[in-house]
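Please read it alongside the sequence and the coordinates.

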Amino acid sequence: MRTAATTMLGIDVPIFAFSHCRDVVVEVSKAGGFGCLGAGYYTKEQLKEELRWIDDHIGGKPYGVDVLMPNKHVALGEVKVDLNALPQAQTLFLRKLLDDAGVPPLPPGEAEEMIRKEVTKVNMTREESEALFDVCLEHPIKMVVNALGTPSKEQIERMHSRGIKVGALVGKPEHAIRQKEAGVDMIVAQGSEAGGHTGSISSMVLWPAVIDAVGDLPVLAAGGIGRGKQMAAALALGAAGIWCGSIWLGTKQSDLLPEEKEALFRGKPEDAIQSKSRTGKPARVLRSKLTEAWEKPGAPPYLPMPLQTIVTMEARLRINRGKAISYMSPPVGQVVGQMNEETTVKQLIYDILNEFSDAVEQLNKVVEAE
Ligand SMILES: Cc1cc2nc3c(=O)[nH]c(=O)nc-3n(C[C@H](O)[C@H](O)[C@H](O)COP(=O)(O)O)c2cc1C
């Protein structure tokens, strides 16, 4: 297939995968698409290790990273959080909820170390994010995608001088125009159906509006795509490719726990709800007893990012260790309703392309039919 996106990056099919999991990134790129590693939740050392592993396994195929590229407009925290001085109301609320549900507490003596280990992966300061970015530049990446704010001209030039393309996730046409003016090479227009942090405009309305707004800049369609008919719709609306995040979560290559996958396979589209319970910002996650508890009268207020992520870490570790499926709330989009059993990345791409091809044939028949 040939689109502006495949030509720009030298790939065979315009299927882009966002994933925190290196195995997914490698499989997608090896299948002819473009894997993009979500690098926001790694320490510098872990990210080095992940990218080295990708370089060793990807067979020279193109891949990218999705990283925060903070500039002065981006309100990242600037101070290290003191674990001993966190607000207590949220922690006590979650402890009681899980105690009442019979979810075992973390092993005494190890709990603090376990929580601390997870918390160090949350990049909170500008310096930490920039350090991750520097790690990425030591690897043969073909594109950096940024989901937060507009990169500065210097950051874009730094990447362009190394032959690296720059992409940006947007949820509004105005943001896309700002990104274009800053000099990015590709826009990812993410509709509100998507998993993770989202805006409020749905894909069907957002994609053509962004495509019209940015003229000849390639736009990838994101949010609510997990099968070929949806890919055909996106390309029919003028997208240069598709950018999917949720659909890979249910594959063998995904590193979610088997219980989390099970919870996803049971989920219906309406179970992917917007909730502030995970990060303090509206993010689409799987509805669970945990998200429901946060919505009930008497629940403590949500804290701003990154505090909400930090105060909920103990509960998440407890839920995962206790395999408490009905309390699991991984981020996922409305395509969760299409995810019913474990498959492989390769099979998924094959199925998407097969159905895409049928859908295009069907459309052609409609046009020819007259
Ligand atoms: C589990 C999960 C985590 C995500 N985390 C990020 C992130 O850290 N940075 C980012 O740019 N996008 C993130 N996203 C959004 C994806 O990049 C993508 O735009 C979105 O998943 C597309 O919609 P879909 O979920 O319907 O496929 C995340 C999505 C999911 C499902």
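Predicted model: local features only at pLDDT ≥ 70, side-chain atom pairs only at ≥ 80, totals over all residues.

Domain 1 comprises 4-76 + 124-252 + 340-369, and domain 2 comprises 83-122 + 256-327. The centres of the two domains, taken over C-alpha atoms, are separated by 27 Å.

**The barrel**

- Eight strands form a closed barrel in the order S1-S2-S3-S4-S5-S6-S8-S9, and their pairing is parallel.
- From one strand to the next, the twist averages 25 degrees.
- Gly38 has Asp66 in S3 as its bridge partner.
- Helix H2 (residues 22-30) packs on the sheet, where it touches strand S1 (15-19), S2 and S3.
- The direction of H2 makes about 165 degrees with that of S2.

**The open sheet**

- A sheet of three strands, ordered S7-S11-S10, is open and has antiparallel pairing.
- Strand S7 (196-197) and strand S10 (272-275) are its edge strands, each pairing on one side only.
- S10 and strand S11 (residues 283-286) run antiparallel and are joined by four bridges.
- Across this pairing, Ile273 stands opposite Val285 in S11.

**Packing of H8 and H9**

- Two packed helices are described by the angle between their axes and the distance between the axes.
- For helix H8 (residues 173-182) and helix H9 (residues 203-214), the packing angle is about 30 degrees and the axes are 9 Å apart.
- The crossing in which H8 passes H9 is right-handed.
- On the H8 side, the contact consists of Pro173, Ala176, Ile177 and Lys180, which meet Ala209, Val210, Ala213 and Val214 in H9.
- By class, this contact of H8 with H9 has seven nonpolar residues, no polar residues and one charged residue.

**The ligand shell**

- The ligand is surrounded by 24 residues.
- Ala147, Ala194, Gly195, Gly196 and Gly245 are the closest of these residues.
- By class, the shell around the ligand divides into twelve nonpolar, ten polar and two charged residues.

**Backbone particulars**

- The peptide bond from Met305 to Pro306 is cis, and its omega is near 0 degrees.
- Pro306 is located in the loop between helix H12 (289-295) and helix H13 (307-311).
- Lys323 is not a glycine, yet Lys323 has a positive phi of about 50 degrees.
- The loop that holds Lys323 lies between helix H14 (313-321) and helix H15 (345-369).

Terms used. Residues numbered from 1 in each chain as written. Pairing = 2+ DSSP bridges. Helix = DSSP H or I, 4+ residues; strand = E, 2+ residues; numbered from the N terminus. Axes fitted to C-alpha atoms, helices over the stretch in contact; angles between N-to-C directions. Contact = placed C-beta atoms within 7 Å. Left-handed = near helix turned anticlockwise from the far one by under 90°. Nonpolar A, V, L, I, M, F, W, Y, C, P; charged D, E, K, R; others polar. Near = placed C-beta within 6 Å. Domains from an automatic or database assignment.
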